[in-house]
Amino acid sequence: MQAQTVYLNGEFTPIEEARIPVLDRGFIFGDGVYEVIPVYSGYPFRLVQHLERLQRSLDAIKLANPMTLARWSQLVRKMAKLHATWKDQAVYIQVTRGVAKRDHAFPSHTEPTVFLMSNALSVPDRKHVAEGVACITATDNRWLRCDIKSTSLLGNVLMRQRAAEAGCIETIMFRDGFLSEASSSNVFVVRGKQIAAPPNNHLVLPGTTNDVVMELARKAKMPLVLREVTEDEVRAADEIWLTSATKEVLAVSRLDGKPVGSGKPGPAYKRIYKLYQDYKRTVMRRA
Ligand code: PMP
């Protein structure tokens with residue numbers, strides 16, 4: 001077992017020894033943001049893009065970035081190096097508004113809490129890739145700033161738990177009759193030859209993996225459009241895909257207990273999965 005070292009406010013410590021005060025606003029209010037950066041064979045994937053997304057999340061909650069891009073990069077690389085026995089890792093960053101007497105309004109002089117950890121990155125098992133996964137659906141009852149990668153994840157947690165209790169991987173959500181995303185992943189649908197996904201706006205998290213999938217699809221001249229996708233279209237889709245750093249690209253073969261398309265991962269999925277794995281081997285790992 002690889003011992004886990006975390007970074008907390010300037011110190012590197014074993015994870016078991018890291019402590020935060022109970023008045024940390026991350027603990028009290030969920031007043032913080034986070035990032036998850038996949039690291040393949042020691043190379044942080046799209047580090048700058050992840051740090052830019054962190055900056056956008058910090059801006060959205062009006063929290064000054066406690067570090068420069070160079071310092072963040074250095075810390076992420078150091079975290080990865082400390083856990084190099086894991087071939088692939090997910091480096092987690094969290095910044096909260098720090099410790100202050102409990103009051104909803106921002107404290108005037110508080111140092112943000114900065115925390116980093118790394119975990120082994122696991123990818124979907126072969127069975128899930130070969131057979132697809134089951135999902136349920138629900139009305140998206142989260143707030144209207146789902147573009148902020150906030151640690152206030154109760155809405156997502158409850159949705160993911162619903163899926164777990166139904167023996168499913170994810171809950172795919174609809175807001176006002178339109179697809180938004182899943183509890184911890186983005187969603188694509190395929191009908192005929194067309195691949196469609198909702199555009200990035202305040203209702204979805206702009207995923208890094210869906211960026212990759214879109215780039216790969218466009219490069220391969222697979223027809224892809226970003227547009228509003230109706231609930232009916234999702235239910236009538238030939239294929240549905242989930243994307244996230246840990247799910248990579250995963251086919252949904254059952255939705256609310258009914259088969260999606262043929263009930264097996266479809267031809268477009270097989271193509272994009274292969275493109276993704278090739279890209280991972282040749283670019284993400286810089287092989
Ligand atoms: N949407 C939500 C709600 C998520 O939590 C995530 C990340 N787990 C994603 C989309 C996908 O983001 P990424 O591709 O950067 O992992």
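Select helix H2 and then show what covers its buried residues, which includes strand S3 (32-40), strand S4 (43-44), helix H3 (69-82), strand S5 (88-96) and H6. The model is a predicted one, in which local features need pLDDT of at least 70, side-chain atom pairs count only at pLDDT 80 or more, and totals for chains, interfaces and linings use all residues. Residues are numbered from 1 along each chain as its sequence is written, and side-chain values use heavy atoms, with hydrogens and water left out.

A few words need their cut-offs before the tour goes on. Helices (H or I, at least four residues) and strands (E, at least two) are DSSP runs, numbered from the N terminus. Buried means under 20% relative accessible area, exposed means over 50%, and partly exposed lies in between (1.4 Å probe, protein chains only). A contact, or touch, means heavy atoms within 4.5 Å.

**Stop one: helix H2 and its ends**

Stay with H2, which has 14 residues and reaches 20 Å from its first C-alpha to its last, close to the 20 Å expected at 1.5 Å a residue; the expected span is 1.5 Å times one less than the number of residues. Colour Leu47, His50, Leu51, Arg53, Leu54, Ser57 and Leu58, which are the buried residues in H2. Looking down the axis of H2, you will find these buried residues within an arc of 155°, so they line one face of the helix; the arc is that of the directions from the helix axis to the C-beta atoms.

Next, pick out Ser57, which lies in helix H2 (residues 47-60) and counts as buried at 2% relative accessibility. Which residues is Ser57 in contact with, leaving aside its neighbours within four places in sequence? They are Val33, Ile148 and Lys149.

Now move to Arg46, in the loop between S4 and H2, where phi is near 50°, a positive value in a residue other than glycine. Most residues other than glycine have a negative phi. Arg46 counts as buried, at 16% relative accessibility. After H2 comes Lys62, whose phi is also positive, near 55°.

**Stop two: the ligand**

Select the ligand and the 16 residues around it, of which Glu181, Ser184, Thr208, Thr209 and Ala245 come nearest; a residue is near a molecule if one of its heavy atoms lies within 4 Å of it. For Arg53, an N or O atom in the side chain is 3.1 Å from a ligand oxygen; for Thr209, a polar side-chain atom lies 2.7 Å from a ligand oxygen; and for Ala245, a backbone N or O atom lies 2.9 Å from a ligand oxygen. The protein covers 88% of the 390 Å² of accessible area that the ligand has on its own, with areas taken from the Shrake-Rupley method with a 1.4 Å probe.

**Stop three: Thr209 and Glu248**

Keep Thr209 selected: Thr209 lies in helix H6 (residues 208-219), and is buried, with a relative accessible area of 7%. Not counting residues up to four places away in sequence, Thr209 touches Thr243, Ser244, Ala245, Glu248 and Tyr276.

Follow that list to Glu248, which is found in strand S14 (residues 248-255). Is Glu248 buried or exposed? Glu248 is buried, with a relative accessible area of 2%. Beyond its neighbours within four places in sequence, Glu248 is in contact with several residues, including Tyr40, Val123, Thr209 and Lys280. The side chain of Glu248 also makes a polar contact with the side chain of Gln277 (2.8 Å); a polar contact is a pair of N or O atoms within 3.5 Å, and within protein one must be able to donate a hydrogen and the other to accept it, while residues adjacent in sequence count only if both atoms are side-chain atoms.

**Stop four: helix H5**

Finally, select helix H5 (residues 154-165), which has twelve residues and reaches 16 Å from its first C-alpha to its last, close to the 16 Å expected at 1.5 Å a residue. In H5, Asn156, Met159 and Ala163 are buried. They cover an arc of only 65° around the axis, which puts them on the same side of H5. On the other side of H5, Leu154, Leu158 and Glu165 are exposed.
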